[in-house]
2 protein chains.
Amino acid sequence: MVQVRSLFFDVFGTVVDWRGGVAHGAETLLAPLGYDLDWLAFADAWRSEYQPAMEEVRAGRIPFSKLDVLHRYNLDRIRPRFGLDRLSDEDCRRLNLVWHRLPAWPDSTEGLRRLRAKFLIAPVSNGNISLMVDIARRNDFMWDAILGAEVARDYKPKPEVYNAACAAFDLPPDQCMMVAAHSSDLAAAAAHGLRTAHIARPNEHGPGKGEADPTVPVDIAAKDLIDLAAKLSA
Amino acid sequence: MVQVRSLFFDVFGTVVDWRGGVAHGAETLLAPLGYDLDWLAFADAWRSEYQPAMEEVRAGRIPFSKLDVLHRYNLDRIRPRFGLDRLSDEDCRRLNLVWHRLPAWPDSTEGLRRLRAKFLIAPVSNGNISLMVDIARRNDFMWDAILGAEVARDYKPKPEVYNAACAAFDLPPDQCMMVAAHSSDLAAAAAHGLRTAHIARPNEHGPGKGEADPTVPVDIAAKDLIDLAAKLSA
(Lines give C-alpha, C1' and ligand atoms only; values in the text may rest on other atoms or scores of the structure.)
Protein backbone atom coordinates (compact mmCIF):
# COMPACT_ATOMS: atom_id res chain seq x y z
CA MET A 1 0.00 0.00 0.00
CA VAL A 2 1.28 3.45 -0.99
CA GLN A 3 2.33 5.47 2.01
CA VAL A 4 -0.43 7.72 3.30
CA ARG A 5 0.82 11.19 4.18
CA SER A 6 -2.34 13.09 4.94
CA LEU A 7 -5.64 12.37 6.65
CA PHE A 8 -8.78 14.28 5.68
CA PHE A 9 -11.62 14.31 8.18
CA ASP A 10 -15.31 14.57 7.85
CA VAL A 11 -16.35 16.54 10.93
CA PHE A 12 -20.12 16.52 11.64
CA GLY A 13 -20.85 13.12 13.12
CA THR A 14 -17.33 11.80 12.62
CA VAL A 15 -15.32 14.11 14.89
CA VAL A 16 -18.06 16.03 16.72
CA ASP A 17 -21.53 15.16 18.04
CA TRP A 18 -23.76 17.53 16.08
CA ARG A 19 -26.99 16.04 17.48
CA GLY A 20 -26.19 16.35 21.17
CA GLY A 21 -24.40 19.66 20.57
CA VAL A 22 -27.24 21.34 18.70
CA ALA A 23 -29.81 20.06 21.18
CA HIS A 24 -27.80 21.26 24.18
CA GLY A 25 -26.84 24.58 22.58
CA ALA A 26 -30.41 25.33 21.56
CA GLU A 27 -31.73 24.51 25.02
CA THR A 28 -29.06 26.68 26.67
CA LEU A 29 -30.07 29.62 24.51
CA LEU A 30 -33.83 29.17 24.27
CA ALA A 31 -34.91 27.72 27.62
CA PRO A 32 -34.11 31.00 29.43
CA LEU A 33 -36.33 32.73 26.86
CA GLY A 34 -39.21 30.51 27.95
CA TYR A 35 -39.14 27.94 25.17
CA ASP A 36 -39.56 24.26 25.87
CA LEU A 37 -39.05 22.07 22.80
CA ASP A 38 -38.10 18.50 22.12
CA TRP A 39 -34.49 19.59 21.73
CA LEU A 40 -33.24 16.41 20.07
CA ALA A 41 -36.15 16.47 17.62
CA PHE A 42 -35.25 20.08 16.87
CA ALA A 43 -31.62 19.07 16.16
CA ASP A 44 -32.81 16.22 13.92
CA ALA A 45 -35.17 18.50 12.02
CA TRP A 46 -32.47 21.13 11.46
CA ARG A 47 -30.01 18.51 10.26
CA SER A 48 -32.58 16.93 7.95
CA GLU A 49 -32.57 20.12 5.86
CA TYR A 50 -28.79 19.84 5.39
CA GLN A 51 -28.54 17.68 2.27
CA PRO A 52 -31.41 19.34 0.36
CA ALA A 53 -29.87 22.80 0.93
CA MET A 54 -26.42 21.68 -0.26
CA GLU A 55 -28.00 20.00 -3.26
CA GLU A 56 -29.15 23.43 -4.45
CA VAL A 57 -25.47 24.42 -4.64
CA ARG A 58 -24.24 21.10 -6.03
CA ALA A 59 -26.85 21.22 -8.78
CA GLY A 60 -25.90 24.78 -9.64
CA ARG A 61 -29.33 26.21 -8.84
CA ILE A 62 -27.81 28.72 -6.39
CA PRO A 63 -24.24 30.05 -6.21
CA PHE A 64 -21.89 28.62 -3.59
CA SER A 65 -23.00 29.76 -0.15
CA LYS A 66 -21.13 28.83 2.99
CA LEU A 67 -22.72 26.35 5.37
CA ASP A 68 -23.46 29.05 7.96
CA VAL A 69 -25.71 30.67 5.38
CA LEU A 70 -27.44 27.40 4.57
CA HIS A 71 -27.84 26.61 8.27
CA ARG A 72 -29.59 29.93 8.79
CA TYR A 73 -31.82 29.37 5.77
CA ASN A 74 -32.68 25.91 7.11
CA LEU A 75 -33.38 27.29 10.57
CA ASP A 76 -35.88 29.71 9.11
CA ARG A 77 -37.57 26.81 7.29
CA ILE A 78 -38.06 24.73 10.45
CA ARG A 79 -38.81 27.51 12.95
CA PRO A 80 -42.60 27.48 12.44
CA ARG A 81 -42.74 23.76 13.20
CA PHE A 82 -41.19 24.39 16.63
CA GLY A 83 -43.08 27.52 17.58
CA LEU A 84 -40.05 29.73 17.03
CA ASP A 85 -41.70 32.10 14.52
CA ARG A 86 -41.23 35.13 16.73
CA LEU A 87 -37.59 34.61 17.65
CA SER A 88 -35.70 37.86 17.05
CA ASP A 89 -33.16 38.11 14.26
CA GLU A 90 -30.39 38.48 16.82
CA ASP A 91 -31.51 35.34 18.66
CA CYS A 92 -31.64 33.46 15.36
CA ARG A 93 -28.11 34.61 14.63
CA ARG A 94 -26.97 33.38 18.04
CA LEU A 95 -28.86 30.11 17.62
CA ASN A 96 -27.15 29.54 14.27
CA LEU A 97 -23.80 29.70 16.05
CA VAL A 98 -24.55 26.57 18.10
CA TRP A 99 -22.92 24.71 15.19
CA HIS A 100 -19.68 26.59 15.95
CA ARG A 101 -19.52 25.11 19.44
CA LEU A 102 -20.24 21.45 18.79
CA PRO A 103 -18.53 19.11 21.25
CA ALA A 104 -16.01 16.46 20.21
CA TRP A 105 -16.78 12.80 20.69
CA PRO A 106 -14.80 11.63 23.75
CA ASP A 107 -11.97 10.09 21.67
CA SER A 108 -11.55 12.85 19.09
CA THR A 109 -9.13 15.32 20.68
CA GLU A 110 -6.71 12.64 21.81
CA GLY A 111 -7.06 10.68 18.58
CA LEU A 112 -6.33 13.72 16.42
CA ARG A 113 -3.37 14.66 18.60
CA ARG A 114 -1.84 11.24 18.06
CA LEU A 115 -2.61 11.16 14.36
CA ARG A 116 -1.07 14.61 13.87
CA ALA A 117 2.27 13.30 15.12
CA LYS A 118 2.50 11.13 12.01
CA PHE A 119 0.27 12.70 9.35
CA LEU A 120 -0.78 16.06 8.00
CA ILE A 121 -4.37 16.44 9.17
CA ALA A 122 -7.14 18.67 7.87
CA PRO A 123 -10.91 18.77 7.99
CA VAL A 124 -12.46 18.14 4.58
CA SER A 125 -15.92 19.01 5.77
CA ASN A 126 -18.87 20.78 4.25
CA GLY A 127 -18.56 23.27 7.11
CA ASN A 128 -17.09 26.67 6.34
CA ILE A 129 -13.70 27.87 7.52
CA SER A 130 -14.88 29.96 10.49
CA LEU A 131 -17.11 27.13 11.65
CA MET A 132 -14.19 24.67 11.56
CA VAL A 133 -11.92 27.19 13.31
CA ASP A 134 -14.39 27.73 16.15
CA ILE A 135 -15.00 24.00 16.60
CA ALA A 136 -11.24 23.44 16.70
CA ARG A 137 -10.75 26.11 19.36
CA ARG A 138 -13.67 24.73 21.39
CA ASN A 139 -12.19 21.22 21.39
CA ASP A 140 -8.44 21.79 21.19
CA PHE A 141 -8.01 20.32 17.72
CA MET A 142 -4.77 21.30 15.94
CA TRP A 143 -5.37 21.12 12.20
CA ASP A 144 -2.56 21.76 9.73
CA ALA A 145 -4.99 23.61 7.48
CA ILE A 146 -8.73 24.00 7.03
CA LEU A 147 -9.70 22.44 3.70
CA GLY A 148 -13.13 21.36 2.44
CA ALA A 149 -16.16 22.98 0.88
CA GLU A 150 -15.32 26.65 1.31
CA VAL A 151 -11.88 26.21 -0.27
CA ALA A 152 -13.32 24.10 -3.11
CA ARG A 153 -16.47 26.25 -3.39
CA ASP A 154 -18.70 23.21 -3.78
CA TYR A 155 -20.05 20.52 -1.47
CA LYS A 156 -19.16 16.88 -0.90
CA PRO A 157 -19.60 14.42 -2.44
CA LYS A 158 -18.74 16.48 -5.54
CA PRO A 159 -15.31 15.40 -6.84
CA GLU A 160 -13.89 18.91 -6.69
CA VAL A 161 -13.93 18.93 -2.88
CA TYR A 162 -11.72 15.83 -2.59
CA ASN A 163 -9.53 16.89 -5.51
CA ALA A 164 -9.01 20.41 -4.13
CA ALA A 165 -7.92 18.98 -0.78
CA CYS A 166 -5.29 16.71 -2.35
CA ALA A 167 -4.10 19.57 -4.56
CA ALA A 168 -3.78 21.95 -1.61
CA PHE A 169 -1.35 19.50 0.02
CA ASP A 170 0.44 18.73 -3.29
CA LEU A 171 -0.36 15.06 -2.84
CA PRO A 172 -1.71 12.45 -5.25
CA PRO A 173 -5.04 11.02 -4.05
CA ASP A 174 -3.55 7.67 -3.07
CA GLN A 175 -1.39 9.39 -0.45
CA CYS A 176 -4.50 10.89 1.15
CA MET A 177 -7.01 9.09 3.33
CA MET A 178 -10.57 10.24 3.91
CA VAL A 179 -11.79 9.52 7.44
CA ALA A 180 -15.56 9.50 7.96
CA ALA A 181 -18.42 7.85 9.79
CA HIS A 182 -20.47 7.87 6.58
CA SER A 183 -20.07 5.24 3.88
CA SER A 184 -21.39 7.62 1.21
CA ASP A 185 -18.54 10.06 1.87
CA LEU A 186 -15.99 7.25 1.75
CA ALA A 187 -17.43 5.77 -1.43
CA ALA A 188 -17.09 9.16 -3.14
CA ALA A 189 -13.54 9.62 -1.87
CA ALA A 190 -12.54 6.15 -3.01
CA ALA A 191 -14.02 6.82 -6.45
CA HIS A 192 -11.54 9.69 -6.76
CA GLY A 193 -8.58 7.57 -5.70
CA LEU A 194 -8.30 8.40 -2.02
CA ARG A 195 -7.73 5.83 0.71
CA THR A 196 -10.56 5.45 3.21
CA ALA A 197 -11.05 4.89 6.91
CA HIS A 198 -14.44 4.33 8.49
CA ILE A 199 -15.12 5.44 12.06
CA ALA A 200 -17.98 3.74 13.89
CA ARG A 201 -20.47 6.26 15.26
CA PRO A 202 -23.42 3.98 15.96
CA ASN A 203 -25.34 6.63 17.90
CA GLU A 204 -24.86 9.63 15.62
CA HIS A 205 -28.57 10.10 14.93
CA GLY A 206 -29.70 8.75 18.31
CA PRO A 207 -29.25 5.41 20.12
CA GLY A 208 -28.50 2.74 17.53
CA LYS A 209 -29.05 5.19 14.69
CA GLY A 210 -25.67 5.53 13.05
CA GLU A 211 -23.14 3.51 11.12
CA ALA A 212 -21.59 0.88 13.36
CA ASP A 213 -19.84 -0.57 10.32
CA PRO A 214 -19.13 0.61 6.78
CA THR A 215 -21.50 -0.51 4.04
CA VAL A 216 -18.81 -0.12 1.37
CA PRO A 217 -15.27 -1.51 1.06
CA VAL A 218 -12.77 0.61 3.04
CA ASP A 219 -9.05 0.38 3.76
CA ILE A 220 -9.53 0.60 7.52
CA ALA A 221 -12.55 0.26 9.79
CA ALA A 222 -11.94 1.72 13.25
CA LYS A 223 -14.00 1.92 16.42
CA ASP A 224 -13.04 5.56 17.01
CA LEU A 225 -10.17 7.98 16.34
CA ILE A 226 -7.92 6.52 19.02
CA ASP A 227 -8.42 3.10 17.46
CA LEU A 228 -7.59 4.62 14.06
CA ALA A 229 -4.35 6.02 15.52
CA ALA A 230 -3.49 2.56 16.82
CA LYS A 231 -4.29 0.92 13.49
CA LEU A 232 -2.08 3.47 11.69
CA SER A 233 0.71 3.05 14.29
CA ALA A 234 0.43 6.74 15.21
CA MET B 1 -10.50 51.52 18.69
CA VAL B 2 -12.74 48.63 17.61
CA GLN B 3 -11.73 45.37 19.19
CA VAL B 4 -9.37 43.35 17.01
CA ARG B 5 -10.28 39.68 16.92
CA SER B 6 -7.94 38.28 14.29
CA LEU B 7 -4.35 38.83 13.24
CA PHE B 8 -3.28 38.13 9.65
CA PHE B 9 0.42 37.59 9.05
CA ASP B 10 2.67 38.23 6.15
CA VAL B 11 5.16 35.37 6.33
CA PHE B 12 8.23 35.81 4.06
CA GLY B 13 10.44 38.34 5.83
CA THR B 14 7.93 39.03 8.60
CA VAL B 15 7.72 35.64 10.32
CA VAL B 16 10.53 33.70 8.61
CA ASP B 17 13.97 34.57 7.27
CA TRP B 18 13.70 33.73 3.58
CA ARG B 19 17.16 35.07 2.70
CA GLY B 20 19.15 33.10 5.24
CA GLY B 21 16.90 30.08 4.76
CA VAL B 22 17.17 29.93 0.98
CA ALA B 23 20.94 30.52 1.11
CA HIS B 24 21.46 27.79 3.71
CA GLY B 25 19.06 25.35 2.07
CA ALA B 26 20.63 25.81 -1.34
CA GLU B 27 24.12 25.32 0.04
CA THR B 28 23.05 22.19 1.92
CA LEU B 29 21.65 20.70 -1.27
CA LEU B 30 24.12 21.93 -3.88
CA ALA B 31 27.52 21.99 -2.14
CA PRO B 32 27.64 18.18 -1.94
CA LEU B 33 26.99 18.17 -5.70
CA GLY B 34 30.15 20.24 -6.19
CA TYR B 35 28.60 23.68 -6.59
CA ASP B 36 30.11 26.73 -4.92
CA LEU B 37 28.00 29.85 -5.36
CA ASP B 38 27.55 33.13 -3.55
CA TRP B 39 24.59 31.61 -1.69
CA LEU B 40 23.17 34.88 -0.39
CA ALA B 41 23.39 36.43 -3.85
CA PHE B 42 21.57 33.39 -5.18
CA ALA B 43 18.80 33.87 -2.59
CA ASP B 44 18.54 37.56 -3.48
CA ALA B 45 18.37 36.81 -7.20
CA TRP B 46 15.66 34.21 -6.73
CA ARG B 47 13.62 36.55 -4.55
CA SER B 48 14.03 39.43 -7.01
CA GLU B 49 11.94 37.48 -9.54
CA TYR B 50 9.09 37.20 -7.02
CA GLN B 51 7.11 40.37 -7.68
CA PRO B 52 7.40 40.27 -11.51
CA ALA B 53 6.10 36.68 -11.56
CA MET B 54 3.13 37.48 -9.33
CA GLU B 55 2.40 40.55 -11.42
CA GLU B 56 1.67 38.24 -14.36
CA VAL B 57 -1.14 36.73 -12.29
CA ARG B 58 -2.34 40.03 -10.79
CA ALA B 59 -2.53 41.58 -14.24
CA GLY B 60 -4.47 38.59 -15.58
CA ARG B 61 -1.83 37.65 -18.15
CA ILE B 62 -1.59 34.12 -16.76
CA PRO B 63 -4.16 32.17 -14.68
CA PHE B 64 -3.64 31.88 -10.94
CA SER B 65 -0.65 29.63 -10.26
CA LYS B 66 0.47 28.78 -6.76
CA LEU B 67 3.70 30.25 -5.50
CA ASP B 68 5.54 26.91 -5.69
CA VAL B 69 4.93 27.00 -9.44
CA LEU B 70 6.15 30.59 -9.73
CA HIS B 71 9.20 29.80 -7.59
CA ARG B 72 10.12 26.97 -9.94
CA TYR B 73 9.62 29.19 -12.98
CA ASN B 74 11.79 31.85 -11.36
CA LEU B 75 14.46 29.30 -10.49
CA ASP B 76 14.68 28.26 -14.11
CA ARG B 77 15.10 31.93 -15.10
CA ILE B 78 18.06 32.52 -12.78
CA ARG B 79 19.82 29.15 -13.08
CA PRO B 80 22.05 30.12 -16.04
CA ARG B 81 23.39 33.13 -14.11
CA PHE B 82 24.63 30.85 -11.35
CA GLY B 83 26.01 28.02 -13.47
CA LEU B 84 23.13 25.72 -12.60
CA ASP B 85 22.05 25.00 -16.18
CA ARG B 86 22.70 21.31 -15.90
CA LEU B 87 20.97 20.66 -12.59
CA SER B 88 18.63 17.66 -12.98
CA ASP B 89 14.90 18.13 -12.88
CA GLU B 90 14.75 16.17 -9.61
CA ASP B 91 17.40 18.40 -8.02
CA CYS B 92 15.51 21.48 -9.18
CA ARG B 93 12.38 20.06 -7.59
CA ARG B 94 14.24 19.49 -4.33
CA LEU B 95 15.85 22.93 -4.51
CA ASN B 96 12.43 24.52 -4.96
CA LEU B 97 11.36 22.98 -1.65
CA VAL B 98 13.92 25.02 0.32
CA TRP B 99 11.10 27.60 0.62
CA HIS B 100 9.07 24.98 2.54
CA ARG B 101 11.72 24.77 5.24
CA LEU B 102 12.44 28.44 5.93
CA PRO B 103 13.46 29.14 9.53
CA ALA B 104 11.52 31.44 11.85
CA TRP B 105 13.07 34.63 13.12
CA PRO B 106 14.11 33.97 16.76
CA ASP B 107 11.02 35.68 18.23
CA SER B 108 8.38 34.25 15.89
CA THR B 109 7.38 30.92 17.45
CA GLU B 110 7.05 32.35 20.95
CA GLY B 111 5.38 35.53 19.69
CA LEU B 112 2.77 33.61 17.70
CA ARG B 113 2.12 31.27 20.63
CA ARG B 114 1.36 34.24 22.86
CA LEU B 115 -0.74 36.03 20.25
CA ARG B 116 -2.79 32.88 19.61
CA ALA B 117 -3.91 32.87 23.22
CA LYS B 118 -5.86 36.08 22.56
CA PHE B 119 -6.52 36.24 18.81
CA LEU B 120 -7.41 34.04 15.87
CA ILE B 121 -4.21 33.90 13.82
CA ALA B 122 -3.66 33.02 10.18
CA PRO B 123 -1.03 33.60 7.55
CA VAL B 124 -2.28 35.89 4.79
CA SER B 125 0.74 35.29 2.64
CA ASN B 126 1.34 34.93 -1.05
CA GLY B 127 2.69 31.46 -0.26
CA ASN B 128 0.50 28.49 -1.11
CA ILE B 129 -1.21 26.27 1.45
CA SER B 130 1.29 23.39 1.41
CA LEU B 131 4.17 25.84 1.69
CA MET B 132 2.58 27.48 4.74
CA VAL B 133 1.80 24.07 6.27
CA ASP B 134 5.38 22.87 5.91
CA ILE B 135 6.83 26.10 7.32
CA ALA B 136 4.44 25.83 10.26
CA ARG B 137 5.49 22.24 10.97
CA ARG B 138 9.17 23.15 10.66
CA ASN B 139 8.84 25.99 13.19
CA ASP B 140 6.03 24.84 15.48
CA PHE B 141 3.56 27.53 14.44
CA MET B 142 -0.08 26.78 15.31
CA TRP B 143 -2.29 28.67 12.86
CA ASP B 144 -6.06 28.61 13.18
CA ALA B 145 -6.35 28.41 9.39
CA ILE B 146 -4.20 28.95 6.32
CA LEU B 147 -5.60 31.92 4.42
CA GLY B 148 -3.96 34.08 1.74
CA ALA B 149 -3.29 33.89 -1.97
CA GLU B 150 -4.27 30.29 -2.68
CA VAL B 151 -7.64 30.69 -0.96
CA ALA B 152 -8.27 34.04 -2.69
CA ARG B 153 -6.72 32.85 -5.99
CA ASP B 154 -4.91 36.14 -6.50
CA TYR B 155 -1.84 37.80 -5.01
CA LYS B 156 -1.36 40.60 -2.52
CA PRO B 157 -1.68 43.52 -2.66
CA LYS B 158 -4.85 42.84 -4.67
CA PRO B 159 -7.90 43.70 -2.51
CA GLU B 160 -9.43 40.25 -2.93
CA VAL B 161 -6.71 38.63 -0.80
CA TYR B 162 -7.42 40.83 2.23
CA ASN B 163 -11.18 40.71 1.68
CA ALA B 164 -11.22 36.93 1.34
CA ALA B 165 -9.32 36.55 4.62
CA CYS B 166 -11.78 38.74 6.55
CA ALA B 167 -14.71 36.91 4.92
CA ALA B 168 -13.29 33.49 5.82
CA PHE B 169 -13.33 34.49 9.48
CA ASP B 170 -16.74 36.24 9.20
CA LEU B 171 -15.17 39.45 10.46
CA PRO B 172 -15.46 43.04 9.26
CA PRO B 173 -12.08 44.44 8.19
CA ASP B 174 -11.74 46.70 11.22
CA GLN B 175 -11.70 43.65 13.50
CA CYS B 176 -8.74 42.24 11.57
CA MET B 177 -5.14 43.40 11.79
CA MET B 178 -2.53 42.80 9.10
CA VAL B 179 0.92 42.19 10.56
CA ALA B 180 3.87 42.71 8.19
CA ALA B 181 7.42 43.94 7.90
CA HIS B 182 6.55 45.68 4.64
CA SER B 183 4.86 49.07 4.51
CA SER B 184 3.41 48.36 1.05
CA ASP B 185 1.49 45.36 2.39
CA LEU B 186 0.20 47.41 5.34
CA ALA B 187 -0.80 50.34 3.14
CA ALA B 188 -2.88 48.01 0.97
CA ALA B 189 -4.48 46.35 4.01
CA ALA B 190 -5.31 49.74 5.53
CA ALA B 191 -6.86 50.88 2.26
CA HIS B 192 -9.32 48.01 2.61
CA GLY B 193 -10.18 48.87 6.21
CA LEU B 194 -7.91 46.50 8.14
CA ARG B 195 -5.90 47.52 11.18
CA THR B 196 -2.13 47.34 10.77
CA ALA B 197 0.93 46.37 12.76
CA HIS B 198 4.46 46.83 11.48
CA ILE B 199 7.24 44.48 12.55
CA ALA B 200 10.80 45.76 12.28
CA ARG B 201 13.00 43.42 10.22
CA PRO B 202 15.94 45.72 9.52
CA ASN B 203 18.11 42.91 8.11
CA GLU B 204 15.59 41.13 5.91
CA HIS B 205 17.54 41.73 2.70
CA GLY B 206 20.96 41.71 4.38
CA PRO B 207 22.58 43.81 7.13
CA GLY B 208 20.75 47.14 7.33
CA LYS B 209 18.64 46.27 4.30
CA GLY B 210 15.12 46.00 5.61
CA GLU B 211 12.39 48.13 7.16
CA ALA B 212 13.43 49.21 10.66
CA ASP B 213 10.36 51.44 10.77
CA PRO B 214 7.14 51.75 8.77
CA THR B 215 7.03 54.37 6.03
CA VAL B 216 3.25 54.65 6.26
CA PRO B 217 0.88 55.31 9.18
CA VAL B 218 0.18 52.13 11.17
CA ASP B 219 -1.80 51.30 14.29
CA ILE B 220 1.14 49.60 15.99
CA ALA B 221 4.87 49.53 15.29
CA ALA B 222 6.63 46.65 17.05
CA LYS B 223 10.24 45.52 17.30
CA ASP B 224 9.31 41.87 16.77
CA LEU B 225 6.42 39.46 17.39
CA ILE B 226 7.06 39.18 21.12
CA ASP B 227 6.95 42.95 21.33
CA LEU B 228 3.70 42.89 19.36
CA ALA B 229 2.26 40.42 21.87
CA ALA B 230 3.25 42.76 24.68
CA LYS B 231 1.75 45.78 22.94
CA LEU B 232 -1.50 43.87 22.40
CA SER B 233 -1.49 42.59 26.02
CA ALA B 234 -1.36 39.00 24.76
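Trainee: Which residues are buried in helix 1 of chain A?
Mentor: In this predicted model, the buried residues of helix 1 of chain A are A:Trp18, A:Arg19, A:Gly21, A:Val22, A:Ala23, A:Gly25, A:Ala26 and A:Leu30.

Trainee: And what covers them?
Mentor: The cover over the buried residues of helix 1 of chain A includes helix 2 (39-48) and helix 5 (89-96), both of chain A.

Trainee: What should helix 1 span, and how far apart are its ends?
Mentor: Helix 1 of chain A runs over residues 18-30, which is 13 residues, so at 1.5 Å a residue it should span 18 Å, and its end C-alpha atoms, 17 Å apart, agree with that.

Trainee: Switching to the sheet, what order do the strands have?
Mentor: Chain A has an open sheet of 6 strands in the order 3-2-1-4-5-6, and the pairing is parallel. At the edges stand strand 3 (147-148) and strand 6 (220-222) of chain A, each of which pairs on one side only.

Trainee: How many bridges join strand 2 to strand 3?
Mentor: Strand 2 of chain A, residues 120-125, is joined to strand 3 of chain A by 2 bridges, and the two run parallel. If you look at A:Ser125, you will find that its bridge partner in strand 3 of chain A is A:Gly148.

Trainee: Which residues have the most contacts inside the largest nonpolar core?
Mentor: That core has 148 residues, and the ones with the most contacts inside it are A:Phe8, A:Ala165, B:Phe8 and B:Ala165. Taking A:Ala165 and leaving aside its neighbours within four places in sequence, we find it in contact with A:Phe8, A:Ala122, A:Val124, A:Leu147 and A:Cys176.

Trainee: How many residues are in contact between chain B and chain A?
Mentor: There are 12 residues of chain B in contact with 12 residues of chain A. On the side of chain B that touches chain A, helix 7 of chain B (residues 129-139) gives the most, with 3 residues. By class, that side of chain B has 9 nonpolar, 1 polar and 2 charged residues.

Trainee: Why do the copies meet through the same surface?
Mentor: We can say so because 100% of the interface residues of chain B are also interface residues in chain A.

Notes:
Residues are numbered from 1 along each chain as its sequence is written. Chains are lettered from A and ligands numbered from 1 in the order in which they are written. This is a predicted model: local features need pLDDT of at least 70, side-chain atom pairs count only at pLDDT 80 or more; totals for chains, interfaces and linings use all residues. Helices (H or I, at least four residues) and strands (E, at least two) are DSSP runs, numbered from the N terminus. The expected span of a helix is 1.5 Å times one less than its number of residues. A residue is buried if 20 or more other C-beta atoms lie within 10 Å of its own, exposed if 12 or fewer, and partly exposed in between; C-beta atoms are placed from the backbone. Two residues are in contact if their C-beta atoms, placed from the backbone, lie within 7 Å. Ala, Val, Leu, Ile, Met, Phe, Trp, Tyr, Cys and Pro count as nonpolar, Asp, Glu, Lys and Arg as charged, and the others, Gly among them, as polar. A nonpolar core is a set of buried Ala, Val, Leu, Ile, Met, Phe, Trp, Tyr and Cys residues joined through C-beta atoms within 7 Å. Two strands pair if DSSP finds at least two bridges between them.
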